[in-house]
Amino acid sequence: MSNEQRISEFLTKAGVYYLATVNGNVPKCRPLGFHMLIDDTIYFGVGDFKEVYRQLQENPMAEICATIKNDFIRYYGKAVFIEDNEELLEKAFEVLPMMKKIYNEESGYKLKLFKLVDATVEYRAIIKLVEKIEL
């Protein structure tokens with residue numbers, strides 16, 4: 001199993017996980033529930049009308065944190081947005097069809113997909129680092 005498959009599996013089991021960004025010098029954290037693994041790359045999505053999108057444009061450094069009981073991961077790196085890839089967007093809508101109710105021509109909202117590059121994942125237990133992998 002690849003590192004990306006392990007991360008994706010952990011995120012899937014967690015269900016809801018948290019994306020941390022910065023707004024100037026203030027940290028911001030919000031829950032996410034969507035990700036997809038395509039060709040060994042993990043993609044996340046945010047709306048182009050949301051503050052999180054603007055924050056990642058201004059400072060692309062981000063961290064995902066997910067917990068399962070007493071275990072958790074920190075997955076952090078630089079967010080790189082994937083522009084003009086209709087095939088990936090359609091795949092995202094297949095993975096989570098309810099997003100089409102939000103992101104469509106009628107609403108004018110667009111789903112912006114991103115991946116983390118120059119990333120690190122840390123597998124942790126409550127009081128210790130279990131494993132750290134540079135991706």
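# A tour of the model

Select tyrosine 123 first: this residue is buried, with a relative accessible area of 10%. Here buried means under 20% relative accessible area, exposed over 50% and partly exposed in between (1.4 Å probe, protein chains only). You are looking at a predicted model, in which local features need pLDDT of at least 70 and side-chain atom pairs count only at pLDDT 80 or more, while totals for chains, interfaces and linings use all residues. Residues are numbered from 1 along each chain as its sequence is written, and side-chain values use heavy atoms, leaving out hydrogens and water.

**Stop 1: around tyrosine 123**

How many aromatic pairs does the structure hold? There are 8. Rings of Phe, Tyr and Trp (its six-membered ring) pair if their centres lie within 6.5 Å; planes under 30 degrees apart are stacked, over 60 edge-to-face, and the rest tilted. Phenylalanine 10 and tyrosine 123 make an edge-to-face pair, 6.4 Å centre to centre with 70 degrees between the planes. Phenylalanine 10 belongs to helix α1 (residues 3-14) and tyrosine 123 to strand β7, so their pair ties together parts that are 113 residues apart in sequence. Helices (H or I, at least four residues) and strands (E, at least two) are DSSP runs, numbered from the N terminus.

Now show arginine 6, which lies over the face of tyrosine 123, at 4.3 Å from the ring centre. For such a charge over a ring, NZ of Lys or CZ of Arg must be within 6 Å of the ring centre and within 35 degrees of the ring normal.

**Stop 2**

**Stop 3: threonine 21**

Find strand β1 (residues 17-23) and pick out threonine 21 in it. Is threonine 21 buried or exposed? Threonine 21 is buried, with a relative accessible area of 3%. Its side chain makes a polar contact with the side chain of arginine 30 (2.9 Å), and another with the side chain of glutamine 55 (2.6 Å). A polar contact is a pair of N or O atoms within 3.5 Å; within protein, one must be able to donate a hydrogen and the other to accept it, and residues adjacent in sequence count only if both atoms are side-chain atoms.

**Last stop: serine 2**

Select serine 2, in the segment before α1. Serine 2 is buried, with a relative accessible area of 18%. To finish, draw a line from serine 2 to glycine 47: the two are 45 residues apart in sequence and 29 Å apart in space, C-alpha to C-alpha.
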